Amino acid sequence: MNRNLGYLVCAVVLATVGAIPAAAQQSRLRTLTYDAKKKTWVETAPPRPGTAEGDLYLIRQAITEKRFRRASSRVKSFIKKYGTQDALYPDVLIAKAEALMGRRNFVKAHEALQEFLASFNGTAGMSDALRLEFEIAESFLGGAKRKFLGLRILSGEDLALKILGEISADYPGNQYAELALKARGDYLFRTGDHALAELDYNRLIQEYPHSRYHQYALERAAEAALASFSGVRYDDAPLVEAAERFEEYRRAYPGEADREGVGLVLDSIREMRADKEFRIGRYYEHTDHLSSAVFYYKNVRTDWPGTVAASQATRRLELLGVLEAVPAPANENASDS
């Protein structure tokens, strides 16, 4: 077959609707070439075995039939026969990775894809290589194990995070770079590493402002920031960040924010920030630094009006003699009888 014509090999299902039972359907390869005159793809005879094109076709056929060991064996034979300088070697590397993935040998598949990306970056197969790398990372994050002494006993999560990090950093603008940021952020969020998850969601927001995941990433970044807050005894920077994120989400998606109760979340954040400042005042009061305590109590009343902490601060200032106690309404002091 003339290489200049090119060919497209794809998996299809042999079936005649209503004639072949689903269980009897089997996939095979079709070799298609584009007929410019007819403006359609035409099925042609597969390339002849014994040629580089024909042997690559047999590798792909074995993968399609899920005979992954046979495919791996044919890959080795191809490289031995034609070498790594053959024009089809990049395609063989992709096929090699697919065969190894079919055998659950994800580490070796990753190594084959790394060889491809190092030598053939920017070629037609790059998108396939990144797709397979992404699938390997997802497999590891989904619980697949790395082999040690032939046994699958090592977690692959560290390698998965490394793969996703490299995809997102080395191929900016690519659809798999976008997916890598989301996948890594989701994993870190799910496993409790909220600070790092927020960084990935923030990158997704900044680097892909028109992403279909923009709303999702904005909300998850806010949730991750809020989840990073360790309590009122600790730095409230995560609360500040969370409030800003939720406000941004409410501005960008007001309808969704209302339905999801973002306003209540923001009220809760206000209460937590006010409570933290009130507790600082209480600390100074307990250590007899009354002027500092008064300073914080007054700030709580000024900065966080309407909160529980503001009411508590008012009461402390009254007891310290800084404010005159406000008399309770008459009906509150009236007898129930």
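Colleague: Let me start with one side chain: is Glu65 buried, exposed or partly exposed, and what is its relative accessible area?

Modeller: Glu65 is partly exposed, with a relative accessible area of 37%, where buried means under 20%, exposed over 50% and partly exposed in between (1.4 Å probe, protein chains only). This is a predicted model, in which local features need pLDDT of at least 70 and side-chain atom pairs count only at pLDDT 80 or more, while totals for chains, interfaces and linings use all residues. Residues are numbered from 1 along each chain as its sequence is written, and side-chain values use heavy atoms, with hydrogens and water left out.

Colleague: Which residue does the side chain of Glu65 meet in a salt bridge?

Modeller: A salt bridge requires a side-chain nitrogen of Lys or Arg within 4 Å of a carboxyl oxygen of Asp or Glu. The partner of Glu65 is Arg67, at 3.7 Å from N to O, and Arg67 is itself partly exposed at 41%.

Colleague: How many salt bridges are there by this rule, and which residue pairs with Lys81?

Modeller: The count comes to 20 salt bridges. Lys81 meets Asp55, again at 3.7 Å from N to O. Because Lys81 lies in helix H2 (residues 68–82) and Asp55 in helix H1 (residues 52–64), this pair ties together parts that are 26 residues apart in sequence; helices here are DSSP runs of H or I with at least four residues, numbered from the N terminus. Asp55 counts as buried, at 17% relative accessibility.

Colleague: How are H1 and H2 arranged, and at what angle do their axes cross?

Modeller: Two packed helices are described by the angle between their axes and the distance between the axes. The axes of H1 and H2 come within 8 Å and cross at roughly 165°, the axes being lines fitted to C-alpha atoms over the stretch in contact, with angles from 0 to 180 degrees between N-to-C directions. That makes H1 roughly antiparallel to H2, a label for angles over 145 degrees.

Colleague: Which residues of H1 and H2 make the contact?

Modeller: With contact meaning heavy atoms within 4.5 Å, H1 contributes Ala52, Asp55, Leu56, Leu58, Ile59, Ala62 and Ile63, and H2 contributes Phe68, Arg70, Ala71, Arg74, Val75, Phe78, Lys81 and Tyr82. These residues divide into 11 nonpolar, no polar and four charged, the charged class being Asp, Glu, Lys and Arg, the nonpolar class Ala, Val, Leu, Ile, Met, Phe, Trp, Tyr, Cys and Pro, and the polar class the others, Gly among them.

Conventions:
Helices (H or I, at least four residues) and strands (E, at least two) are DSSP runs, numbered from the N terminus. Angles under 35 degrees count as roughly parallel, over 145 as roughly antiparallel, 65 to 115 as roughly perpendicular and the rest as oblique.
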